[in-house]
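Please view the sequence and structure before reading on.

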Amino acid sequence: MTRAVPFGFRTRAHIVYNSGGKGIVMAASTDLDEVCNCLALRRAARYLTATYDKALGPVGLRATQFTILRKLSAQGEMTISSLADLISMDRTTMATNLKPLAREGLVTVEPSTADRRARIVAITPDGRARMAAALPLWQAAQARFEERFGADEASQLRASLGAVLRTGFQPWAE
């Protein structure tokens, strides 16, 4: 049984009764859409990711792949776990993202000599060349975004998103 009650936003909420007769206030979907931080961030992330993917398409890279190559180029070889942490990604997703790069010969993934359980990722010369070819395309996408969104606003956005990563959540902790 559902009954509408005022909720405080532009739409209404519903009290949903469970089998024990207790009412739980549930916001109407439009209310949640307006206040959900996760949805707002994911929508913007998908929008920008598609924009950068399209820009990098001519060199056969996606935005995540470009980021991986750029980090490896700057930081040198590292474990899959370290690379995942550096990019704020879980280890399993990182391993999945590395497979096409390894198939194309852009990175190598080898067992660590120090710890056979760990795997070391390194960028290859072909990976460096692909990243170098992609860099002007990335720069153009970056410039277009900052031109339309505003350079100061983009800087503030990056700072705010960095703060999100320091909120203390541990989404990949085991």
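Strands β5 and β6 (residues 119–123) run antiparallel and are joined by 5 bridges. Within β6, Val121 is the bridge partner of Val109. The model is predicted, with local features requiring pLDDT of at least 70 and side-chain atom pairs pLDDT 80 or more, while totals for chains, interfaces and linings use all residues. Residues are numbered from 1 along each chain as its sequence is written, and side-chain values use heavy atoms, leaving out hydrogens and water.

Helices (H or I, at least four residues) and strands (E, at least two) are DSSP runs numbered from the N terminus; strands pair if DSSP finds at least two bridges between them. The open sheet has 3 strands in the order β4-β6-β5, with antiparallel pairing. Because β4 (78–79) and β5 (107–111) each have a single partner strand, they stand at the edges, and one side of each lacks a neighbour in the sheet.

Two helices pack on this sheet, where contact means heavy atoms within 4.5 Å. Angles, from 0 to 180 degrees, lie between N-to-C directions of axes fitted to C-alpha atoms, for helices over the stretch in contact.

| α3 (residues 63–75) | β4, β5 and β6 | about 90° with β6 |

Elsewhere, helix α7 (residues 151–164) gives the most to the nonpolar patch, with 3 residues. Leu161 lies in helix α7 and counts as partly exposed because its relative accessibility is 34%, between the limits for buried (under 20%) and exposed (over 50%), with a 1.4 Å probe and protein chains only.
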